[in-house]
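Subject: Structure for you to look at

Dear colleague,

Please find below the structure that I promised to pass on, followed by my notes on what was found in it. I would be glad if you could read the notes with the model open beside you.

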Amino acid sequence: MAGNLDSLTALAMTTDYKNTVFLPKTDFPMRAGLAQKEPEILKFWEEQKVYEKLAARDKANSFILHDGPPYANGNIHIGHAMNKILKDVANRAEAMQGKRVAYVPGWDCHGLPIEWKIEEQYRAKGQDKDRVPVLQFRAECRDFAQHWLEVQREEFKRLGVMGDWENPYATMHFPSEAIIAGEIHKFLMNGSLYQGERSVMWSTVEKTALADAEIEYHDHTSDVIWCAFPVIKTALPAVADARLVIWTTTPWSMPGNRAIAYGAEFDYGVYEVESVHEGSLVQPGSKFVIADALQLEVQRKAKIEAWKPIATFKGAELAGTLCAHPLRGQGYDFDVRVLPGDFVTTESGTGLVHIAPTHGLDDFALGKEYGLEIPYTVEPDGRYAASLPMFGGARIYNDQGKKGDANKKVIAALEAAHALLAHGQYVHSYPHSWRSKAPLIFRTTPQWFIAMDDGNQIRAKSLQAIKDARWVPGAGETRIRSMVESRPDWCISRQRAWGVPIAIFIDKKTRQPLRDQAVCDRIVEIFTAEGCDAWFTCDAQEFLGKDYNSANYEQVFDIVDVWFEAGSTHAFVIEARGLPTPVDLYMEGSDQHRGWFQSSLLESVGTRGRAPFKTVLTHGFVLDEQGRKMSKSIGNVIAPQKVIEQYGADILRLWVCNTNYAEDIRIGNEILKQQSDLYRRLRNTLRYLLGALTDYNPAVEVDVAAMPPLEKWVLHRIAELDGVVRAALAEFDYNKLFIALHDFCNTDLSAFYFDVRKDSLYCDAPSAPRRQAALWVLNQVFLHLTAWLAPILSFTCEEAWQHYAHRDVPSVHLRVLPVVPSEWRDDTRGAEWEKIRALRSVVTTELEKMRADKIIGSALEAKAAVTVADAAMQKLLLDVDFRDLCIVSKMEINLGGSPDVAARKIEDAEKCERCWQYLDEVGKDKSHPTLCKRCSAAVDEQGKLAA
């Protein structure tokens, strides 16, 4: 950017005048060497206690960004880096506006991600985790999490993220565990916590229920069947000797079938088979009930050559019908009720839905509505219960999440019972565990829930809190609102070992939880001192105290959902440390509308009646240069550690802010090279400023009102940019901020102001008003630019600040944004300069043509002639010294009918040996016969100063 401005350093001038030119001088290196320099700056920040000083500012003017906890289970990845950099930019930007910043980084240390890593170690040794004593297992989880917490802490610090790194929070710290237990107790005491049954997403590999945020969807190939249920009772004569046909992608759930659902308004028919194709499982003469809209698809799948409709009716007429289970006589001798279901569709299948109340949300809801049996058919590990007729012990999925033998056995049994019309395979989007990647099942089990719509009205209050909060971007509000509106009661129990237990007691007689605040307080007190391991080591009586007999109560050993823990961070971090609440900002990826944002909202609303945040900002995810998700198998993973080693952390910080992070953003080698090029231009701008300011003396008074028009325009641009910067910071739009600053450096400064004013800076006399005005303005540019850029290029701006001779605070990050005098902004002047620069562009284009045609070597060899149409424009060009702006030696500004620009090579003037301009006055001063008047005077002044 500024490298092309130093052409005068190669001046072919005599020895007499070479050292009289004021060339930029600075020790600020052109080559950054960020990978080596940044660790030194980190050490400097620690020595200067920069964060501590920012955190000690006036509490009444605070900005609190609450850190969402990453899992302490491995090295940070590029998504972590983007998230933490954005948070740090926000914190530094607010601090630069004079606010107190208190940022407490934290980690999620409990739950499945850490447990899974320890289980992997056991599996590698051929050991069964379930045989390991629970306290030993928990200790190993704690050690594992602590190790990675420390590793990640150093990796985050290396990114330049400032915060209270010596006192971070962790969900596994004893005080945290105690407060989490206390938050559970608040729901216990306000009545919203209850135990109930519900069909939940269950991982047979991890042997636990999963939260929505722990589920991802992938294509999955399922076995599918078309199965017939004999009618044993009905009010429709045509249906009496027919069979109702269902279609399901979970044949393994057939032992749990207790009903069939129909759509009351759909048209159904009884179809009698006349002939079949070879290989069909169907016998001619069979009668089947199917939705009319799907009969052709069923006919094709069942290889039925021909069948005829013998009756049609509305689904509602099936009311009261009973069927037999297809495996009646083999342990499944109950009646199967036929019931209306508003979830039934005719988009696929048969229009009749197999209902297994223990294995689906709609199934469970219908079962509860009509009092159906909810049988226990599947164990936590995905095996059929040993007592299940015909199939006891068969596996739905094995320990690795691969398909077991259950489907095969069920299909074979149905075919042997002549209940099967057809079977095959079906590819569809299916829920998987985000950790083990294993497919999930619905499984109805007793769980602990927080009610959304009881007297506490968590849903209604949360929806109001969503409306009251600010969402950046605004689409986030719609997204989380729709999720909260439709979500079921919050299932907070997990059947795992590593985490905070739901530390409550159940009365053995009434099966009701014990609600006693004194008991709750005692549990929290013990957890604070000993951690929640105490729940597994202490005698129950110690928690219950003297008022209750432990023989009459059961301890609950379920672990609380890690999202409940994370959702409680506002309690054990913000409130526990006396920070202002609700906090100013939560900032995470867009997936957290389903995760941390929502759990924090529900937890806080349920216990405090309000959201824990004022503003929520979401960012996208990191993809490779082709827009693909990063994957080790593809080999497209970009590790932040490698980027830092090669380029430095400031390049990563620039990359983050040079993107629209509200959407998914891309990274790769080419993109990083582009960021490095942009960085180099910005660095050269700072270097040029520092070099030019070598001669700047703050004691020299400069009258802004008397400055040349060009300097006034630069001050106007600073004032304009100050408004852009502050607006961008208020919107957390760091992309807009960076683009504005880059364009200012590239277009306004390096390509224009620096280029124009280098002649004055290099060649004017030291005391020349024009040179002093330029130095004063350059100092203002440096002060503003380093303050504006510091949140983004935190290391580089610190390095530049340390090379600045007139710094008033030890670190650039202890500064506040300079206040811009209102008189600097002049929109009328700004509009005039738009016209001036447009005309200058026409002149420089003409000069470039002459250079390309080898008519001139440089613009200083040319005389330009500009014709303008009105006197006002002529005066304006004369007032701003348009010759100087175009960097030519001579210029005519004429008033004429048609605007025109022309240029020719100067043949009738000598070249000044010092400034290289071709001027008639060269040689007039006998003491300096090769210089122009200005350069003669400048050299004489230097001589006097030297003497």
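Pro-431 is buried, since its relative accessible area is 9% (buried means under 20%, exposed over 50% and partly exposed in between, with a 1.4 Å probe and protein chains only). This proline lies in strand β17, where helices (H or I, at least four residues) and strands (E, at least two) are DSSP runs numbered from the N terminus. Leaving aside neighbours within four places in sequence, Pro-431 is in contact with Met-201, Ile-215, Glu-216, Tyr-217, Pro-439 and Leu-440, contact meaning heavy atoms within 4.5 Å. Pro-431 and Ile-441 are 10 residues apart in sequence, and their C-alpha atoms are 8.2 Å apart in space.

Before going further, please keep in mind that this is a predicted model, in which local features need pLDDT of at least 70 and side-chain atom pairs count only at pLDDT 80 or more, whereas totals for chains, interfaces and linings use all residues. Residues are numbered from 1 along each chain as its sequence is written, and side-chain values use heavy atoms, with hydrogens and water left out.

Strand β17 also takes part in the second largest pocket, giving the most to its lining with 5 residues. On a 1 Å grid over the protein atoms alone, a pocket is an open set of points where a 1.4 Å probe fits, with protein on both sides within 12 Å along at least five of seven lines, and lining residues have an atom within 4 Å of a point. About 950 Å³ of space lies in this second largest pocket, the volume being the space filled by probe spheres set on the points, which are joined across faces, edges and corners. Of the 33 residues that line the pocket, Trp-247, Thr-248, Thr-249, Val-353 and Asp-363 lie nearest its centre. At least two lining residues come from each of β9 (243-248), β16 (352-355), α9 (361-370), β17 (420-433) and β18 (441-450). By class, the lining has 16 nonpolar, 14 polar and 3 charged residues, where Ala, Val, Leu, Ile, Met, Phe, Trp, Tyr, Cys and Pro count as nonpolar, Asp, Glu, Lys and Arg as charged, and the others, Gly among them, as polar.

Two of the strands that line this pocket, β9 and β18, also pair with other strands, and two strands pair if DSSP finds at least two bridges between them. β18 pairs with β6 in the antiparallel sense over 10 bridges, and Leu-193 has Ile-450 in β18 as its bridge partner. Strand β6 (residues 193-203) is mostly covered, with 8 of its 11 residues buried, and 2 bridges join β6 to the antiparallel strand β7 (residues 208-209). The hairpin of β6 and β7 has 4 residues between the strands, and in this hairpin Lys-207 takes a positive phi near 60°.

β9, for its part, pairs with β12 in the parallel sense over 2 bridges, and Leu-244 stands opposite Val-289 in β12. Strand β12 (residues 287-291) has 4 of its 5 residues buried and is joined by 5 bridges to β11 (residues 267-276), which runs antiparallel to β12.

Elsewhere, an open sheet of 4 strands has the order β2-β25-β26-β19, with parallel pairing, and its edge strands, each pairing on one side only, are β2 (65-66) and β19 (470-472). Within this sheet, 6 bridges join β25 (residues 583-589) to β26 (residues 613-619), and Gly-589 stands opposite His-619 in β26. Thr-615 is found in strand β26 and is buried, with a relative accessible area of 8%. Not counting residues up to four places away in sequence, Thr-615 touches Arg-470, Val-472, Asp-584, Leu-585, Tyr-586 and Phe-732.

Two cis peptide bonds deserve a look as well. One joins Val-472 and Pro-473, with omega about -5°, and Pro-473 lies in the loop between β19 and α12 (475-486). Another joins Thr-581 and Pro-582, with omega about 0°, and Pro-582 lies in the loop between α17 (569-575) and β25.

Finally, 18 of the 19 residues of helix α4 are buried, so this helix is largely enclosed by the rest of the structure.

With best regards
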